[in-house]
Amino acid sequence: MNTSGVTLRLLDKADKEILKLPRTVKGAFFDFQHKFKTNPHTTGLKLQHLKGDTRLWSARVSDDYRALLIRLADDDWLIVSVKHRKDVYDRLSAGVNHVTGGIEYVDLEVVEDSVLRRLPAPPSAPVVAPEPAKPPELFADWSDTELSDLGVAEPLLPVIRTLTTEDQLLGLIEYAPQLTGEVLLALFDGRSFDEVLDQVTTPVAAAEPVDPADFKAAAQRPATVVTTSDEDLREALEGGDFGRWKAFLHPTQTKLVERRYSGPARVGGGPGTGKTIVALHRVRHLVRQLPPGRDKPVLLTTYNKNLAADLRSRLLELGGEELVARVDVSHVDQLALRTVREAEPGSGKQAMDDSQAVREWRALLDELGEDTWDPEFLHDEWTQVILGQAVATRADYFRARRAGRGRSVTRGERAEIWQLAERFTQRLDRLGRQTWDQVAERAARLEMGREHRILSIARQREEAGGLANVHLQDGSAGWLRYRYRHIIVDEAQDLRPAHWKMLRAMAPREANDLFLVGDTHQRIYKNQVTLGSLGINIRGRSSKLSLSYRTTRQILRSALDVLGETAYDDLDGSQETLAGYRSVLSGKQPAGHSFADWAQEREGIAALIKEWDDNPELSIPHEQIAICVPTNQMAAEVGYTLGLQGIRPVEIRADGPHGDGGVHIGTMFRFKGLEYQRMIIGGVTDGLVPRDAVNLLRTSDPVRFRHEMQRARSLLFVAATRARDSVDVFWHGTPSPFLGPSLTGKR
């Protein structure tokens with residue numbers, strides 16, 4: 001334990017540099033940090049000012065390596081780099097960014113070397129030809145003043161003026177301060193000065209005037225991303241790049257985590273932008289403000305069991321048992337079922353999912369000899385209109401709005417649907433079954449009833465001058481309390497209307513009540529809602545994250561092609577866009593693989609994995625490789641083919657992977673919320689993605705066709721953006737119409 005009072009922190013990006021050090025030096029670095037915090041002036045550390053820069057100090061890590069530090073205050077130190085002793089006196093720069101107010105460190109020698117390494121190779125033989133025209137500079141259209149106003153680190157401006165290719169730009173960004181990289185990439189991608197100022201610079205600008213000489217104040221700002229605890233440091237250095245972004249919060253994320261909201265708030269953003277990380281840190285922030293106690297006044301919820309288990313695990317890593325002890329982590333259907341069983345303890349009905357419910361609809365129609373109605377249409381009508389709007393009577397159904405349902409129905413047809421819905425409900429009762437929509441709708445009614453009674457008691461108390469009405473509360477004891485004080489929802493786009501009604505009633509309508517994160521571009525279920533109509537008003541309290549920490553620029557471009565020009569809602573009646581969505585990571589282009597039939601495609605998938613395994617430079621642990629396909633049958637067949645090739649398949653089920661040490665295989669639905677180094681997406685064939693049944697709706701039900709096509713695009717988009725390093729897309733026959741020419745080779 002550090003008892004000297006010395007604080008030693010690590011600046012963001014220094015960890016990336018340390019990761020590349022030899023293993024023995026990493027070990028020496030861990031020893032160094034403990035020695036330094038005990039007494040930084042120990043003779044063996046050789047702490048001294050660095051020649052040429054009064055702000056920088058050096059200290060001995062090992063015989064050959066030195067730590068470079070900034071002294072923020074008497075006993076407050078910040079490590080900005082660990083370098084070989086022969087490199088310590090190169091051209092180094094440490095300063096405070098005048099826009100963000102954060103500390104930035106630049107090694108100009110390293111940046112210039114990285115840029116030079118990416119120069120085009122000279123021709124192998126001399127060519128007698130006129131001297132080619134000098135290629136244009138990438139940032140010739142922007143002055144130094146404009147780049148500086150956007151937050152670009154000023155010591156890098158001369159290097160930036162030499163850039164002529166994207167490869168050189170990526171070389172600079174690898175070692176540049178984060179804001180510099182984001183600004184340059186946004187300009188390179190074609191955004192205007194005003195767009196970059198609005199989308200990239202302004203969200204991270206300091207709230208108060210910046211003193212460039214005050215490093216202590218700079219270290220406290222969100223723009224100076226640091227880690228201080230030994231645990232955080234070990235995670236950052238041992239986790240590698242794949243987990244690195246989880247250890248730090250971007251300044252934009254920090255502002256969202258710590259902001260006080262006057263009511264429900266929502267954070268959107270594309271895949272890998274850290275929405276879940278923000279949700280977890282928001283939970284910790286709210287728990288830290290709670291009075292002491294043993295209750296769980298904070299709810300963290302999401303749409304399925306697998307994701308909820310992952311959230312609990314990550315929350316435990318973030319704050320330990322002390323944090324988890326004050327939080328109810330539960331997936332939303334489990335929460336609804338628990339609510340219903342509390343109120344109706346004698347009910348033993350078994351819950352079933354949508355696919356099982358559609359099969360029961362089909363069985364009912366077969367028994368009745370009814371062939372004029374599609375079972376999927378009836379199930380959607382029942383869940384989205386009748387249950388979704390809490391329609392209790394036939395007359396109410398005749399008046400119910402059916403916006404977005406596509407096919408119009410006459411009054412006579414509504415009468416038929418209502419009769420079929422009643423028969424379906426009776427059928428489920430006889431079978432002792434219930435759908436999750438029924439559970440959610442019942443839970444919503446119960447919680448809304450509880451809220452109504454709570455508000456009635458509050459009104460009685462107010463009318464009585466603050467005195468409680470003992471008779472009104474008699475028998476309820478402490479039961480009539482809101483279940484939670486704060487509710488945080490992850491993957492908000494996939495919740496049902498009844499879920500939202502239930503959640504809204506579970507917390508008092510006051511500051512910091514509901515905090516939602518999600519992306520409607522990743523909606524893979526049919527739950528399309530407008531939050532305002534359900535009593536959840538997020539207007540003026542919506543924010544968006546746009547920097548991806550997981551997906552490379554190459555994968556991102558390919559994934560955005562999948563979405564095309566399709567319009568997506570924002571959960572509140574307006575349109576959602578991925579404008580400004582970007583990545584500073586770079587990697588290989590996604591690859592397309594075409595085969596004549598499904599059997600050959602499976603063999604091709606196995607051959608690609610074998611190729612990786614046989615190449616030491618490409619080989620990675622199999623659990624970091626995933627294969628997703630459109631159907632369960634296809635997943636089983638791919639697993640069988642891999643097994644024949646000596647590759648162990650691990651099935652991804654609703655509760656996660658069943659086994660260790662193998663390639664993960666499952667349907668596209670199973671991979672929501674998961675991450676892998678390499679993704680293989682198989683069966684991306686027209687008729688499977690989207691499936692033939694969707695295409696049949698084109699003329700019979702155009703609105704439903706558009707919704708199903710959007711859902712199919714979202715599913716493929718989610719699959720493609722699970723990857724960090726590479727995506728390989730396989731198909732047989734005709735490729736899916738969602739695939740762009742960069743994959744299929746067709747224009």
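Predicted model: local features only at pLDDT ≥ 70, side-chain atom pairs only at ≥ 80, totals over all residues.
Residues are numbered from 1 along each chain as its sequence is written, and side-chain values use heavy atoms, with hydrogens and water left out.

Let me begin with the sheet. It is an open sheet of seven strands with mixed pairing, in the order β21-β27-β26-β22-β25-β23-β24, and its edge strands, each pairing on one side only, are β21 (591-595) and β24 (656-657). Strands here are DSSP runs of E with at least two residues, helices are runs of H or I with at least four, and both are numbered from the N terminus; two strands pair if DSSP finds at least two bridges between them. Within this sheet, β23 (residues 649-653) and β25 (residues 663-667) run parallel and are joined by three bridges, with V650 standing opposite H664 in β25.

Helix α24 (residues 598-614) lies across β21, β22 (625-629), β25, β26 (676-681) and β27, and runs at about 150° to β27. For these angles, axes are lines fitted to C-alpha atoms, for helices over the stretch in contact, and the angles run from 0 to 180 degrees between N-to-C directions.

Staying with α28 (residues 702-720), I would point to R711, which is in this helix. Is R711 buried or exposed? R711 counts as buried because its relative accessibility is 18%, where buried means under 20% relative accessible area, exposed over 50% and partly exposed in between, with a 1.4 Å probe and protein chains only. Leaving aside neighbours within four places in sequence, R711 is in contact (heavy atoms within 4.5 Å) with R523, I524, Y525, K526 and F669.

Now to the cavities. A cavity is a set of points, on a 1 Å grid over the protein atoms alone, where a 1.4 Å probe fits but cannot get out, and lining residues have an atom within 4 Å of a point. Grid points are joined across faces, edges and corners, and a volume is the space filled by probe spheres set on the points. The count comes to four cavities of 30 Å³ or more.

The largest cavity has a volume of about 250 Å³ and is lined by 19 residues, with T276, E491, R550, G673 and R722 lying nearest its centre. Its lining has five nonpolar, six polar and eight charged residues, if Ala, Val, Leu, Ile, Met, Phe, Trp, Tyr, Cys and Pro count as nonpolar, Asp, Glu, Lys and Arg as charged, and the others, Gly among them, as polar. Helix α14 gives the largest share of that lining, four residues.

The second largest cavity, at about 80 Å³, has a lining of eleven nonpolar residues, one polar and no charged. Residues that line the second largest cavity include I555, L716 and V727, and α23 (553-563), α28 and β27 (723-732) each supply at least two.

I close with the backbone. The peptide bond from V689 to P690 is cis, with omega near -5°, and P690 is found in the loop between β26 and α26 (692-695).

Note on methods: 1 Å grid on protein atoms, 1.4 Å probe; cavity = no way out; pocket = protein on both sides within 12 Å on 5 of 7 lines; lining within 4 Å.
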